[in-house]
Amino acid sequence: MKPQTNSIIRAFTLLDILKKETDDKHRLSQKQLLDLMREKDGSCTEKTLRTDLRCLMEILNPPVSEYDSQKDLFRIRYDGMEEGRSRMSGISYLHEFSGDDLALLSELVQTCTEIGDAQRNRLIGHIKTLGSRYDTCHTDALSAIPEYSTLCMDGLRANIRILAEAIKQNRRVSFVFRRYDRDGRLVPVRRARYEVNPYHVVKYGTKYYLLCSHGTSEKTYIYRLDLMADAVISDEPRTSIREVKELRHSDAMAYMERHLHMNYGEPRTVTLLLHRDIYTQFHDSFGSHYTIKRRVDEEHDEVEVYCSEQAIIQWAMLHGNCAEILRPKTTRRKLSDQAAALLKQYE
């Protein structure tokens, strides 16, 4: 084997050891590093280690003079030199991801309900290689409720790519919209294709949605991406987002905050009487986007929220023993009518 090949192999071996055995909390002396190198390469000497280590530092690190201004860009670090020797002490590799970052990524993958077990295990395996052996990812105790659907991730990703390109090009997009039938099959809702002006692709819960408009309408429409098929970018330019009432002055996040569970309907200010035991569920649904108007008594508050009317009606019916819509009267009446119809159905 040529000497140059030997030095390249040693450099890769050395880098691998640094990545696995060190991090910002675990360091090695040059002597410890030499012992680990000799376990893998018996020909490694103190001189070759010193040479290979300095070469790696020159390649992976910015100039030493920039250490103070670009400290986070230095991949290989050392604390100092051993007294009376030319050996480095406190050598470590600074990983691109911290242990906390890797743990969070692993937890997100482990609880993702949109991928299968094989892909989940493969991704977590890749994530683990990005840290040192000291990083632990406690994913075995985590689990999530699966998606009870025939969700096709390949089709979903294809739709995301097409819609993103259509939005970038300011073009309309057409597609077949589908629904599930009694046999669990996806069938077209109608024969004609839908053509829309796409503005935002969003994720709410575990589902992806398209926020769009039809023709020159100022109304916002919502379509689930996993129910779309055969999406095609049109040659027609899309209508400007400035023409769409609810999107012209807000971003996609603000829209989702006003439309709980992606319910249709123009948002409005609704006043509720809330029992104080329900604030956890209320905060889960609306975050901090509500205003406590006044204290009614020892157990109740009057609270104001800006939300899709149908969404707040559904929420109030779900928590009927602890929430009551007070105003506007039209919204209160709609809830009353729906409750009466439900009662009649079950009598």
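## Starting at helix α1

Arg10 sits in helix α1, which covers residues 3–21. Helices here are DSSP runs of H or I with at least four residues, strands are runs of E with at least two, and both are numbered from the N terminus. This is a predicted model, where local features need pLDDT of at least 70 and side-chain atom pairs count only at pLDDT 80 or more, while totals for chains, interfaces and linings use all residues. Residues are numbered from 1 along each chain as its sequence is written, and side-chain values use heavy atoms, with hydrogens and water left out.

Is Arg10 buried or exposed? Arg10 has a relative accessible area of 12%, so it is buried. (Buried means under 20% relative accessible area, exposed means over 50%, and partly exposed is in between, using a 1.4 Å probe and protein chains only.) Leaving aside residues up to four places away in sequence, Arg10 touches Met37, Asp41, Thr48 and Asp52. A contact means heavy atoms within 4.5 Å.

## Helix α2 and its buried face

One of those partners, Met37, turns up again in helix α2 (residues 30–40), where Gln30, Leu33, Leu34 and Met37 are buried. Looking down the axis of α2, these buried residues fall within an arc of 100 degrees, so they line one face of the helix. The arc is taken from the directions that run from the helix axis to the C-beta atoms. There's a handy rule behind this: an α-helix has 3.6 residues a turn, so residues three or four places apart point the same way.

Helix α5 has 12 residues, 117–128, and at 1.5 Å a residue it should span 16 Å; its end C-alpha atoms are 16 Å apart, which agrees. (The expected span is 1.5 Å times one less than the number of residues.) Which residues of α5 are buried? They are Arg120, Ile124 and Ile127. These cover an arc of only 55 degrees around the axis, which puts them on the same side of α5. Over on the other side, Ala118 and Asn121 are exposed.

What do the buried residues of α5 pack against? That would be α4, residues 99–110. The two helices, α4 and α5, pack at an angle of about 175 degrees with their axes 9 Å apart, and that makes α4 roughly antiparallel to α5. On the α4 side, the contact is made by Leu102, Leu105, Ser106, Val109 and Gln110, and on the α5 side by Arg120, Leu123, Ile124 and Ile127. Sorted by type, the contact residues come out as six nonpolar, two polar and one charged.

A few terms: axes are lines fitted to C-alpha atoms, for helices over the stretch in contact, with angles from 0 to 180 degrees between N-to-C directions. Under 35 degrees counts as roughly parallel, over 145 as roughly antiparallel, 65 to 115 as roughly perpendicular, and the rest as oblique. Ala, Val, Leu, Ile, Met, Phe, Trp, Tyr, Cys and Pro count as nonpolar, Asp, Glu, Lys and Arg as charged, and the others, Gly among them, as polar.

## Phe282 in helix α8

Further along, Phe282 lies in helix α8, residues 279–286. With 0% relative accessibility, Phe282 counts as buried. Residues up to four places away aside, Phe282 touches Leu274, Gly287, Tyr290, Val303, Val305 and Trp315.

Met262, in the loop between α7 (252–258) and β11 (267–275), has a positive phi near 60 degrees without being a glycine. The peptide bond from Arg327 to Pro328 is cis, with omega near 0 degrees.

Terms used: The expected span of a helix is 1.5 Å times one less than its number of residues.
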